[in-house]
Amino acid sequence: MSPSARLYAQALIDKVPASLRIGSVGLASLVGLTAFSGAFVAGNHAGMIYDEFPTMGGKLLPDDIVNPFLEPKWRNIFEHDTMVQWNHRVLAMTTLGAVTSMYLASLRLPLPSNARVASHLMMAMSTVQVSLGISTLLLHVPVPLASAHQMGSLTLLTLSLWFAHTLRPLAPVSVATAATTAAAATSGRTSAALLLAAGGASAATKFFGESGQRAQSANDDEKEPERA
């Protein structure tokens, strides 16, 4: 990144509210938690039950969300199919809402180009990921679609981490340092141009010198028979 571009990006990042930076870290954590809950859905084969959306058995909160025979009760969070699927649904919809809110908030701010690209990709990927999850559920968990959904979770997590990273403050660069670096770069380009020019002149001199020597040698060869 050139010094001027770095100064411009630094000026934009300095205008980003602290709440957005903290929110981006929280959003990445939420995406990671949602992906973590999806691992329990796959491990418990919880996607095989309640192949409907948005309800489960005709209700938003199914009757058998807690297994009374599973002790202690907290094990339902990790081992009971119904609660495992319900948790993942709630987390997925919460994540989609959080990503949408973060995206809309970022549109009102002059973000650096890499942060803008990250926010666009994160919003698009979250929509794709939710669509994959719902489709996987409604189609009775076909393996290719389920695999795509799992890869999508890692992609969304990567994008959310990238977005949070782009909002981190850059190492401070003063205007004087940027000017010095730019001057050094300009001087370096000038020196390189002079060296190329000098090299070209030297090559031309060498070429024409060799050509002259070959011509002189040819003339001497022609005069030798006349002398004989």
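Mentor: Before anything is said about a helix here, note that helices (H or I, at least four residues) and strands (E, at least two) are DSSP runs, numbered from the N terminus, and that the expected span of a helix is 1.5 Å times one less than its number of residues. The model is predicted, so that local features need pLDDT of at least 70 and side-chain atom pairs count only at pLDDT 80 or more, whereas totals for chains, interfaces and linings use all residues. Residues are numbered from 1 along each chain as its sequence is written, and side-chain values use heavy atoms, with hydrogens and water left out.

Trainee: How many helices and strands are there in the chain?

Mentor: The chain holds 7 helices and 0 strands, and its elements, read from the N terminus, run α-α-α-α-α-α-α.

Trainee: Why is serine 106 called buried?

Mentor: The term is a matter of cut-offs: buried means under 20% relative accessible area, exposed over 50%, and partly exposed in between, with a 1.4 Å probe and protein chains only. Serine 106, which lies in helix H4, has a relative accessible area of 0% and is therefore buried. Contact means heavy atoms within 4.5 Å, and, leaving aside neighbours within four places in sequence, serine 106 is in contact with Leu111, Arg116, Ser119 and Phe163.

Trainee: Why are H2 and H4 called roughly antiparallel?

Mentor: Axes are lines fitted to C-alpha atoms, for helices over the stretch in contact, and angles run from 0 to 180 degrees between N-to-C directions. Angles under 35 degrees count as roughly parallel, over 145 as roughly antiparallel, 65 to 115 as roughly perpendicular and the rest as oblique. H2 and H4 pack at about 155°, with axes 9 Å apart, and the pair is therefore roughly antiparallel.

Trainee: Which helices are included in what covers the buried residues of H2?

Mentor: The cover includes helix H4 (81–107), helix H5 (113–138) and helix H6 (143–166), and the buried residues of H2 include Leu20, Leu27, Val31 and Val41.

Trainee: How do you know the relation of H5 to H6?

Mentor: H5 and H6 pack at an angle of about 155°, with their axes 8 Å apart, and this makes H5 roughly antiparallel to H6.
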